[in-house]
Amino acid sequence: MALAIDLTGRVVLVTGGSRGIGRGIAVALAAAGATVVTCARSEADPFPGTTHVTCDVRDPDSVQAMVDGIVAAHGRLDVLVNNAGGAPSADAATASPRFHDKIIGLNLSSPLLVAQIANAVMQTQESGGSIVNI
């Protein structure tokens with residue numbers, strides 16, 4: 001049984017959307033008709049039906065600028081998929097406190113930051129919005 005979703009006219013941001021699971025999510029959302037914006041810390045070639053923005057989701061000013069840019073370009077933000085995250089392999093016995101802070105920042109603090117900034121936009125829209133945390 002196939003699930004059909006029509007997201008025509010919806011604007012979606014997928015953090016960490018240039019590769020891996022995020023890319024798969026972005027491809028599926030674009031196929032459903034959404035205008036998809038992906039972001040990552042590094043530049044990436046957008047795939048058909050998407051645009052890509054370089055943004056470090058741990059940096060509040062960068063996130064605000066990214067969301068402001070999406071709204072300026074598309075007039076709205078309907079869905080945020082918080083997908084960015086991960087952790088490089090490290091020996092727990094010798095990893096530095098700074099290493100742990102960076103991992104916590106990426107995997108816990110940044111999704112909250114992006115959600116807060118996206119929510120501020122969604123609260124002003126009659127249709128609201130949706131935030132999905134991966």
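This report describes the sheet, a helix packed on it, the salt bridges and a surface patch of a predicted model.

## Sheet and helix packing

Five strands make up an open sheet with parallel pairing, arranged in the order S3-S2-S1-S4-S5. Strand S3 (50-54) and strand S5 (130-133) lie at the edges, each pairing on one side only. On average, neighbouring strands of this sheet are turned by 15° against each other, direction ignored.

Strand S4 (residues 79-82) runs parallel to S5 and is joined to it by 4 bridges; Val79 has Ser130 in S5 as its bridge partner. Helix H3 (residues 97-122) packs on the sheet and touches strand S1 (11-15), S4 and S5, its direction making about 180° with that of S4.

## Salt bridges

The structure contains 3 salt bridges. In one of them, Arg10 pairs with Asp78, with the closest N and O atoms 3.6 Å apart. This pair connects distant parts of the chain, 68 residues apart: Arg10 belongs to the segment before S1, and Asp78 to the loop between helix H2 (60-74) and S4. Arg76 also meets Asp78 in a salt bridge, at 2.7 Å from N to O. Through shared partners, Arg10, Arg76 and Asp78 form one network. Asp78 counts as buried because its relative accessibility is 4%, whereas Arg10 at 34% and Arg76 at 23% count as partly exposed.

A further salt bridge links Arg58 and Asp56, with 3.0 Å between the closest N and O atoms. Arg58 is partly exposed at 28% relative accessibility, and Asp56 is partly exposed at 26%.

## Nonpolar surface patch

Ile21, Val132 and Ile134 make a nonpolar surface patch of about 310 Å². Ile134 is located in the segment after S5 and, at 61% relative accessibility, counts as exposed.

How values were computed. Residues are numbered from 1 along each chain as its sequence is written. This is a predicted model: local features need pLDDT of at least 70, side-chain atom pairs count only at pLDDT 80 or more; totals for chains, interfaces and linings use all residues. Side-chain values use heavy atoms; hydrogens and water are left out. Two strands pair if DSSP finds at least two bridges between them. Helices (H or I, at least four residues) and strands (E, at least two) are DSSP runs, numbered from the N terminus. Axes are lines fitted to C-alpha atoms, for helices over the stretch in contact, and angles run from 0 to 180 degrees between N-to-C directions. Contact means heavy atoms within 4.5 Å. Patches are made of residues with over 30% relative accessible area and no salt bridge: like charges are joined within 9 Å, nonpolar side chains (Val, Leu, Ile, Met, Phe, Trp, Tyr) within 5 Å. Accessible areas come from the Shrake-Rupley method with a 1.4 Å probe; for residues, only the protein chains shown count as cover. A salt bridge is a side-chain nitrogen of Lys or Arg within 4 Å of a carboxyl oxygen of Asp or Glu. Buried means under 20% relative accessible area, exposed over 50%, partly exposed in between (1.4 Å probe, protein chains only).
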